[in-house]
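Here are a few notes to read with the model open beside you. Take them one at a time and find each spot as you go.

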Amino acid sequence: MPRGREPLLEGKSKGSKELHRWIQEKSLTYEVAGDLLGFTKDRISRYINGRRRPDPNSSYRIFKLTGIEMSSWLEPDR
C-alpha cells in the first residue's frame, strides 16, 4: 500500500506533525486516513500542512482513532 505523499508545506503544530507521522506509520494514504476519520483527503492534507486546524469535534474524532491529544493542535512542535 502506498505510504502517501509528503506535505508540501509542513504544519507548525505538534498535532499536524503527529497526524502525518501516524499516517506514515500505518502506511496509509491521505485518502484512506480521511475515510477512516470521515474527512476528505484534502481536509487531511490541510490539517497536515497547517492551512487548517481541526475544530473540537474533528480533533476529538482524530484523538479517538489516533491518540493524538486534542490540545496538540494548539501547541507548536518543538
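1. Start with S27, which sits in the loop between α1 and α2. Helices here are DSSP runs of H or I with at least four residues, numbered from the N terminus (strands are E runs of at least two). S27 is partly exposed, at 26% relative accessible area. On this scale buried means under 20%, exposed means over 50%, and partly exposed is in between (1.4 Å probe, protein chains only). Have a look at its backbone too: phi of S27 is near 55°, a positive value in a residue other than glycine. Most residues other than glycine have a negative phi.

2. A quick word on where this comes from: it's a predicted model, where local features need pLDDT of at least 70 and side-chain atom pairs count only at pLDDT 80 or more, while totals for chains, interfaces and linings use all residues. Residues are numbered from 1 along each chain as its sequence is written, and side-chain values use heavy atoms, with hydrogens and water left out.

3. Now the helices on either side of that loop. Helix α1 (residues 14-25) packs against helix α2 (residues 30-37) at about 105°, and their axes are 10 Å apart. The axes are lines fitted to C-alpha atoms over the stretch in contact, with angles from 0 to 180 degrees between N-to-C directions. α1 and α2 are therefore roughly perpendicular; that label covers 65 to 115 degrees, with under 35 roughly parallel, over 145 roughly antiparallel and the rest oblique.

4. Which residues of α1 and α2 meet? H20, W22 and I23 come from α1, and Y30, A33 and L36 from α2. Contact means heavy atoms within 4.5 Å. By class that makes five nonpolar, one polar and no charged. (Ala, Val, Leu, Ile, Met, Phe, Trp, Tyr, Cys and Pro count as nonpolar, Asp, Glu, Lys and Arg as charged, and the others, Gly among them, as polar.)

5. Next along, α2 packs with helix α3 (residues 41-49) at about 100°, axes 8 Å apart, so α2 and α3 are roughly perpendicular. Y30, E31, A33, G34 and L37 of α2 touch K41, I44, S45 and I48 of α3. This contact has five nonpolar, two polar and two charged residues.

6. Finally, find T66 in helix α4 (residues 56-66). Is T66 buried or exposed? T66 is buried, at 16% relative accessible area. A polar atom of its side chain lies 2.6 Å from the backbone oxygen of I62, and the T66 side chain also reaches the backbone nitrogen of I68 at 3.1 Å. Leaving aside neighbours within four places in sequence, T66 is in contact with L19 and W22.

Notes: A polar contact is a pair of N or O atoms within 3.5 Å; within protein, one must be able to donate a hydrogen and the other to accept it, and residues adjacent in sequence count only if both atoms are side-chain atoms.
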